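Subject: Structure handover

Hi,

Here is the structure I promised to pass on.

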Amino acid sequence: MGALSLTWILWVVVGGNTGISQKLVSYEVVDPTLATVDIAVTKDPGATAQCAVKAMNSTYATVGWNIITIGPNGTADGSENGRTTTVRGQMRTDSLAVTGVVENCWIVE
């Protein structure tokens, strides 16, 4: 039982770590056809990442989405020696959005 517990803990700590984290900083509904999100992405400075962002209406239906790319950073870019970068993603929308979110981010191999 102890070995199984240790294996699970290692998987959660090491295997579940994707090397990237994201945080929604803000969103703006520009008009019924456009919304933006600002997200802070923390990753290895040399890595390229992509993030899926979406806009939702008042019933939480997706009315727009996009995938944005965050390229490698120099140590003077962003913060934390280039580890964290804030980027803006735009989404064309089918109808008026009321919120914008970051769905997920991943490292591009």
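A quick word on terms before anything else: two strands pair if DSSP finds at least two bridges between them, and strands here are DSSP runs (E, at least two residues; helices would be H or I, at least four), numbered from the N terminus. As for where this comes from, it is a predicted model, so local features need pLDDT of at least 70 and side-chain atom pairs count only at pLDDT 80 or more, while totals for chains, interfaces and linings use all residues. Residues are numbered from 1 along each chain as its sequence is written, and side-chain values use heavy atoms, with hydrogens and water left out.

Strand β1 covers residues 20–31 and strand β2 residues 34–43, and the two pair antiparallel over ten bridges. They make a hairpin, with two residues between them.

On to the sheet they belong to. Three strands form an open sheet in the order β1-β2-β5, with antiparallel pairing. β1 and β5 are the edge strands, each pairing on one side only. The twist from one strand to the next averages 20° (axes are lines fitted to C-alpha atoms, for helices over the stretch in contact, and angles run from 0 to 180 degrees between N-to-C directions). β2 and β5 pair in the antiparallel sense over nine bridges, and Ala35 stands opposite Met91 in β5.

Thr85 is worth a click while you are in β5, the strand where it sits. Is Thr85 buried or exposed? Thr85 is buried, at 14% relative accessible area (buried means under 20%, exposed over 50%, partly exposed in between, with a 1.4 Å probe and protein chains only). Its side chain makes a polar contact of 2.4 Å with the side chain of Asn73. By polar contact I mean a pair of N or O atoms within 3.5 Å; within protein, one must be able to donate a hydrogen and the other to accept it, and residues adjacent in sequence count only if both atoms are side-chain atoms. Leaving aside neighbours within four places in sequence, Thr85 is in contact (heavy atoms within 4.5 Å) with Ile39, Ala40, Val41, Ile70 and Asn73. Pro72 is 13 residues from Thr85 in sequence and 9.8 Å from it in space, C-alpha to C-alpha.

**The β4-β3-β6 sheet**

There is also an open sheet of three strands in the order β4-β3-β6, again with antiparallel pairing. Its edge strands, each pairing on one side only, are β4 (62–70) and β6 (99–108). Neighbouring strands of this sheet are turned by 20° against each other on average, direction ignored. Strand β3 (residues 48–56) and β6 pair antiparallel over nine bridges, with Ala49 opposite Ile107 in β6. Ile107 counts as partly exposed, at 24% relative accessibility. Ile107 and Thr69 are 38 residues apart in sequence and 9.8 Å apart in space, C-alpha to C-alpha.

Lys54 is in strand β3 and, at 17% relative accessible area, is buried. A polar contact of 3.3 Å joins its side chain to that of Glu103. Beyond four places in sequence, the residues in contact with Lys54 include Thr62, Trp65, Met91 and Val101.

**The disulfide**

Which cysteines form a disulfide? Cys51 and Cys105 do, with their sulfur atoms 1.9 Å apart; the rule is a pair of cysteine sulfur atoms within 2.5 Å, and the count by this rule comes to one. Cys51 lies in strand β3 and Cys105 in strand β6, so the pair ties together parts that are 54 residues apart in sequence. The link of Cys51 and Cys105 is right-handed, with 110° about the S-S bond. Cys51 is buried at 0% relative accessibility, and Cys105 is buried at 5%.

**The core**

A nonpolar core here is a set of buried Ala, Val, Leu, Ile, Met, Phe, Trp, Tyr and Cys residues joined through side-chain atoms within 4.5 Å. The largest one has 17 residues, and those with the most contacts inside it are Ile39, Val41, Cys51, Val53 and Ile68. At least two of its residues come from each of β2, β3, β4, β5 (84–92) and β6. Residues that Ile39 touches, not counting those up to four places away in sequence, include Leu24, Val25, Cys51, Val53, Ile68, Val87 and Val102.

Cheers
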